[in-house]
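Please keep the sequence and the 3D view at hand while reading.

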Amino acid sequence: MNTRITVQPGFRTKSTKVERTGNTRRKAWMTVFAASALFWVVVTLMIWRMWG
């Protein structure tokens, strides 16, 4: 079975590129690190409660 995906001829020229500022990237990375830290704190507290 062959599947063919076609795209309109002017698709690339019509698409817009989103410009991101350094501040937005910094906030995104800080959110990722904060969520990761919160996850590990919760895991640590669960283990401590189970063994404590």
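Helices are DSSP runs of H or I with at least four residues, strands are runs of E with at least two, and both are numbered from the N terminus. On that basis, the secondary structure of this protein chain comes to 2 helices and 0 strands, in what is a predicted model.

**Overall exposure**
- The protein chain has 52 residues, of which 0% count as buried, where buried means under 20% relative accessible area.

**Nonpolar surface patch**
- Trp29, Val32 and Phe33 make a nonpolar surface patch of about 360 Å².
- Val32, one of the residues of this patch, is found in helix α2, which covers residues 22-51.
- Val32 counts as partly exposed because its relative accessibility is 47%, a value that lies between the 20% limit for buried and the 50% limit for exposed.

**Aromatic pairs**
- The structure holds 2 aromatic pairs, and one of them joins Phe39 and Trp40, whose ring centres are 5.0 Å apart.
- The ring planes of Phe39 and Trp40 stand at 75°, so this pair is edge-to-face, a class that requires planes over 60 degrees apart.
- Phe39 has 46% relative accessibility and therefore counts as partly exposed, whereas Trp40, at 51%, counts as exposed, the cut-off for exposed being over 50%.

Terms used:
Residues are numbered from 1 along each chain as its sequence is written. This is a predicted model: local features need pLDDT of at least 70, side-chain atom pairs count only at pLDDT 80 or more; totals for chains, interfaces and linings use all residues. Side-chain values use heavy atoms; hydrogens and water are left out. Patches are made of residues with over 30% relative accessible area and no salt bridge: like charges are joined within 9 Å, nonpolar side chains (Val, Leu, Ile, Met, Phe, Trp, Tyr) within 5 Å. Accessible areas come from the Shrake-Rupley method with a 1.4 Å probe; for residues, only the protein chains shown count as cover. A salt bridge is a side-chain nitrogen of Lys or Arg within 4 Å of a carboxyl oxygen of Asp or Glu. Buried means under 20% relative accessible area, exposed over 50%, partly exposed in between (1.4 Å probe, protein chains only). Rings of Phe, Tyr and Trp (its six-membered ring) pair if their centres lie within 6.5 Å; planes under 30 degrees apart count as stacked, over 60 as edge-to-face and the rest as tilted.
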